[in-house]
Amino acid sequence: MNVLIIDGAEIHGHAKGEYNRTLCETAQTVLQDRGHCVAVSRVRDGYDVATEVKKISACDVMIFQFPVYWFHMPGGLKQYIDQVYMAGRGTLWLNDGRAQGGPYGSGGLMQDKKYMLSLTWNAPLDAFGDPEKLFEGRDVDDAFFMFHKMQQFMGATALPTFSCHNVIADPEIETDCARLQDHFAQCF
């Protein structure tokens with residue numbers, strides 16, 4: 001299987017992207033050890049849009065590895081997606097689907113692809129699923145509803161999300177890397 005890991009970590013103040021880089025490197029090693037062909041795109045290192053379209057076209061699975069900044073993906077990753085997906089018209093998507101008589105959101109050409117979110121949050125896990133806390137009972141995937149809809153629009157199918165919590169307040173990188181390996185064992 002061809003896997004593309006898109007590392008969307010950025011450097012902001014005390015956040016240096018090390019946690020996400022370690023998870024990205026762990027993912028690459030584990031997947032390669034399982035016989036998968038793995039490519040990595042590090043958004044903060046720069047990229048060629050046409051090359052990224054080709055990488056996405058060639059992959060079977062995209063793993064989006066990034067920290068959650070202010071309840072969303074980092075700005076650089078959003079820009080990457082905007083640029084690469086728009087440049088992928090005719091390759092990654094055709095239109096919004098209605099031109100072929102389908103419903104809105106059915107014009108993606110990535111039906112043969114899967115994607116996974118691998119997220120790092122400083123929010124504690126117990127902030128999710130409790131109606132009395134900030135996320136009002138919602139889970140991590142609910143918080144990323146629009147990201148999932150974007151991938152669905154492109155035709156891709158979700159694999160279970162992987163999420164790390166308290167990564168600044170109480171980091172447990174070794175535990176999280178072991179959990180990521182277990183997660184891959186279930187998904188690949």
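Helices (H or I, at least four residues) and strands (E, at least two) are DSSP runs, numbered from the N terminus. The model is predicted: local features need pLDDT of at least 70, side-chain atom pairs count only at pLDDT 80 or more, and totals for chains, interfaces and linings use all residues. Residues are numbered from 1 along each chain as its sequence is written, and side-chain values use heavy atoms, with hydrogens and water left out.

**Exercise 1.** Find what follows H1.

Solution. H1 covers residues 18-33. Gly35 follows H1. The phi of Gly35 is positive, near 90°.

**Exercise 2.** Locate the buried residues of H1 and their packing partners.

Solution.
1. Apply the cut-offs: buried is under 20% relative accessible area, exposed over 50%, partly exposed in between (1.4 Å probe, protein chains only).
2. Tyr19, Asn20, Leu23, Cys24, Thr26, Ala27, Val30 and Leu31 are the buried residues of H1.
3. These residues lie on the same side of H1, because their arc around the axis is only 165° (taken from the directions from the helix axis to the C-beta atoms).
4. Their packing partners include strand E1 (2-7), strand E4 (114-120) and helix H6 (173-187).

**Exercise 3.** Characterise the salt bridge of Glu52 and Lys55.

Solution.
1. The rule: a side-chain nitrogen of Lys or Arg within 4 Å of a carboxyl oxygen of Asp or Glu. The rule gives eight salt bridges.
2. For Glu52 and Lys55, the N to O distance is 3.3 Å.
3. Both residues sit in helix H2 (residues 49-58), three residues apart, about one turn of the helix.
4. Glu52 is buried at 3% relative accessibility. Lys55 is partly exposed at 25%.

Terms used. The expected span of a helix is 1.5 Å times one less than its number of residues. Contact means heavy atoms within 4.5 Å.
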